[in-house]
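Please examine the structure shown below and then work through the exercises that follow. Each exercise consists of a task and a solution given in steps.

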Amino acid sequence: MADSDVASPLRQRRALGISTLAFTLCFAVWTLFSILGIQIKDDYGLSNTQLGLLMATPVLTGSVSRLFLGVLTDRFGGRWVFSLLMLFSAACVYLLTFANSYTMLLVGALGVGLAGGSFIVGVAYTSAWYDKEHQGTALGIFGAGNVGAAVTNFCAPFLLLAMGWQGTAVVYASVLAIMGIAFLLLAENDPQAAQRKAASVPLAQQLSPLTDLRVWRFSLYYFFVFGGFVALALWLPHYLIEVYGLGLAAAGVIAALYTIPASLFRILGGWMSDRYGARRVMYWAFLASILCTFLLSYPPTDYIVKGVQGSITFSLAMPLVGFILLTMVLGFFMSLGMAAVFKHIPVYYPNSVGMVGGVVGMVGGLGGFFLPLTFGMLNDVIGIWQSSFMLLFVIVAAALAWMHYAILKANRVEIRNNSESTDLPELSTPSRFVLQNWLPEDPVFWEQTGSRIARRNLWISIPCLLLAFAVWMVWSVVVAKLPQVGFNYSPNQLFWLAALPGLSGATLRAFYSFMVPIFGGRRFTAISTASLLLPAAWIGFAVQNPDTPYLVMAILALLCGFGGANFASSMANISFFYPAQEKGKALAMNAGLGNLGVSVMQFLVPVVIATGVFSVMTGSGQVSEGGGELWVQNAGFIWVPFIVIATVAAWFGMNDIASARSSFKEQAVIFKRKHNWLMCVLYTGTFGSFIGFSAAFPLLSHTQFPEIDALQFAFLGPLVGALSRAWSGGLADRVGGARVTLGVFLVMILGVLGVLLFLAGSGSTWAFVGFFASFILLFLASGVGNASTNQMIPVIFRHEVPRLMPGLGEDEQRIHADRESAATIGFTSAIGAYGAFFIPKAFGSSIDLTGSVATALAGFIVFYAICTALTWFYYCRKGAEIRI
């Protein structure tokens, strides 16, 4: 049927009806593990944490996929994307029946989770049929497809009892496949399809709304209202069986009583958002949710009161009827909140509904992934079933407090401007934080104004980066303690945990490298520092239970990569503040003192792990294999208050530079620059060695010299490397970064030879002393090399840009050189950071394959020799392409 710009009411209702039915069935499939998981747990003997992970895994895929599915829907339309998604999800559900191990179930659950991504496809498809005055109601009706969770909670238990979990999966797969074919045949292309084909939107333009922090504010609200809904839909059957002793069928019916109103009243939420405004509806939703979660979080308690005539005893507990009513009320107000959040999106982003809705839906879906997993972990660690509602109470209270503060600020803006605002400006950048005319190369400006502002930003950046490195490398100490408190992991598994933060940190750096010119240095520094709270707090819970699955520990190790990624954005940000003649020193100070986070962590964490001073706040310790007590959770919890302080300091104390703004396309020119890739190799040899040896040295010392407690000395290596980096930045400015770098690689070759020599005599004290001294030399040299290679980059591009862009004026050449230097510093740091993965992994693999680390060390010598040759040929020899 031909597309039209204005759809008739009949076509609108038809599109809304078929998309809502399709989403209902997809949602039923997405939450299938809430019922199947109960029998699977018995069949495979799973712990609560393992069951929580299995339930949450489909939610992870369904959440993350929403971003990509949103892009595809904006580009190709909802009809084809929705149909193919249902067919593929149905195939994954069917293949799940062939799983014969827990690992295979997890892999299958990832594929099943794609059905959850259908939400954003349907939002983009449905909103295209309606004008903005009716989109809230239409999307509320479509969102009522969440009732699919109730379909599963009501029908799946009976299918499970009659056919087993494999038979139930086959039924679900068949129904979803039929719906996929029917949607392709019966649904129409949306009215915007012809316009979309005529004007192909570049991917960069599609992604541009992601730079608007309003999108991320909406995402936070959706994390609770939708993520909390999904989490409880998955968790309630298990909760009801364990807490109230109900049977499977009864638990499924009662869970349906929660999910049905939470789904159907989303229609009401959409209508109310159209009529009364989303801001007011969000207030109602959050206030009611706070009350409900507070009452539900109160555990059964026995009281003894000393009365006049003796003790008076009484108990408080939530009866089943009260629990059912409260969860129904909670679900009702969550549904209002879901509709209110999505009311905003087509109004603010009419041409990017798929992209923006995908991001918001992804974050909300991630709540549905992390919350059930955390529920299981809280049960295992705290031992109180109501802890799940305690966590929800904390989240919604924080969301309400932030929203209220934002609305008060918006009201002040409205009163001052005598106008009503439809948006909350709490995340906009006030003008006092933006430097409009930043001229560091002007001596007068620098002396009178610039140096003072630059120093303030530098001294706030340094502690933020220090905390980032501490969180990034915390596993280097934690892995050495895990076997002592009952975690039965092999040496190779432990080296994997030590290496994974390096892998994720290095990968994320490739993205963080370009974020400062897009988001602003102040804003991104604060947000990236706050992100460290997630791995720091979660580690504190996970390490308290030896039954925590290895996969969970691996996910936590990957999340610590947030800390490693911060380095790229931090260095790029500071490079904009300083003139060319002071960049080397400033970058060395930022990186060197930031790198101190590794040594601070390796010194502080063993101390706090061994003491119970913080046990009132962090919980009781674990019995070690020697009969003592360790508080391993302190390794994560110790950083939480400092991260909060540093985030606040960055938000209110740093600045954004207006002239430092640029798009990804403008920065991506560095991928065409040969010297960008050469510096990636050299920086891997310096910083990659520093961070890789920092991650591996504690565990390597423990495996090679088990009779010596090397943890008490481990912090000295990173300390020497960090201080040498901070000290040697000025040296590279004076002598030349290339000459210093050349000498560094020669010294590092000698250091590795020393390690090989003294390992041959391992078992004696003098051998450890020589081994330790050789590593100190490696840390010292790598620290100096970190500073010298960073000093080389701005100098290289000050030479290269005039040669490549001779038609530009001097000022424009300087701006391009600074932009390319900042992007290259960030990107080389991303590549170099892979040393934190490859060095620990090289040691672990070398031990597994040959029984020693000699093979890995020999490989390092070869690599340092290559780095020496490249430095000499391109930057040091007479007639070099760029002689520094």
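**Exercise 1. The chain as a whole**

Task: Determine what percentage of contacts in the protein chain between residues at least 6 apart in sequence join residues at least 24 apart.

Solution. Contact means heavy atoms within 4.5 Å. Among contacts in the protein chain between residues at least 6 apart in sequence, 83% link residues at least 24 apart. The next step is burial, where buried means under 20% relative accessible area, exposed over 50%, and partly exposed in between, with a 1.4 Å probe and protein chains only. Of the 884 residues of the protein chain, 61% count as buried. The secondary structure comes to 38 helices and six strands; helices (H or I, at least four residues) and strands (E, at least two) are DSSP runs, numbered from the N terminus.

The model is predicted, and local features need pLDDT of at least 70, side-chain atom pairs count only at pLDDT 80 or more, and totals for chains, interfaces and linings use all residues. Residues are numbered from 1 along each chain as its sequence is written, and side-chain values use heavy atoms, with hydrogens and water left out.

**Exercise 2. Two helix pairs**

Task: Describe how H22 packs with H29, and how H1 packs with H6.

Solution. Two packed helices are described by the angle between their axes and the distance between the axes. Axes are lines fitted to C-alpha atoms, for helices over the stretch in contact, and angles run from 0 to 180 degrees between N-to-C directions. Angles under 35 degrees count as roughly parallel, over 145 as roughly antiparallel, 65 to 115 as roughly perpendicular and the rest as oblique.

Step 1. Helix H22 (residues 521-530) and helix H29 (residues 640-653) have axes 8 Å apart, at an angle of about 170°. H22 and H29 are therefore roughly antiparallel.

Step 2. On the H22 side, the residues in contact are Arg522, Arg523, Thr525, Ala526, Thr529 and Ala530; on the H29 side, they are Ile643, Ala646, Thr647, Ala650 and Trp651. The contact of H22 with H29 holds six nonpolar, three polar and two charged residues. In this classification, Ala, Val, Leu, Ile, Met, Phe, Trp, Tyr, Cys and Pro count as nonpolar, Asp, Glu, Lys and Arg as charged, and the others, Gly among them, as polar.

Step 3. For helix H1 (residues 9-30) and helix H6 (residues 118-127), the angle is about 175° and the axes are 10 Å apart. H1 and H6 are therefore roughly antiparallel as well. Ala15, Leu16, Ser19, Phe23 and Cys26 of H1 meet Ser118, Phe119, Tyr125 and Thr126 of H6. By class, the contact of H1 with H6 has six nonpolar, three polar and no charged residues.

**Exercise 3. Trp472**

Task: Is Trp472 buried or exposed, and which residues does Trp472 touch?

Solution. Trp472 is found in helix H18 (residues 443-472). At 0% relative accessibility, Trp472 counts as buried. Beyond residues up to four places away in sequence, the residues that Trp472 touches include Pro501, Gly502, Gly505, Arg509 and Phe687.
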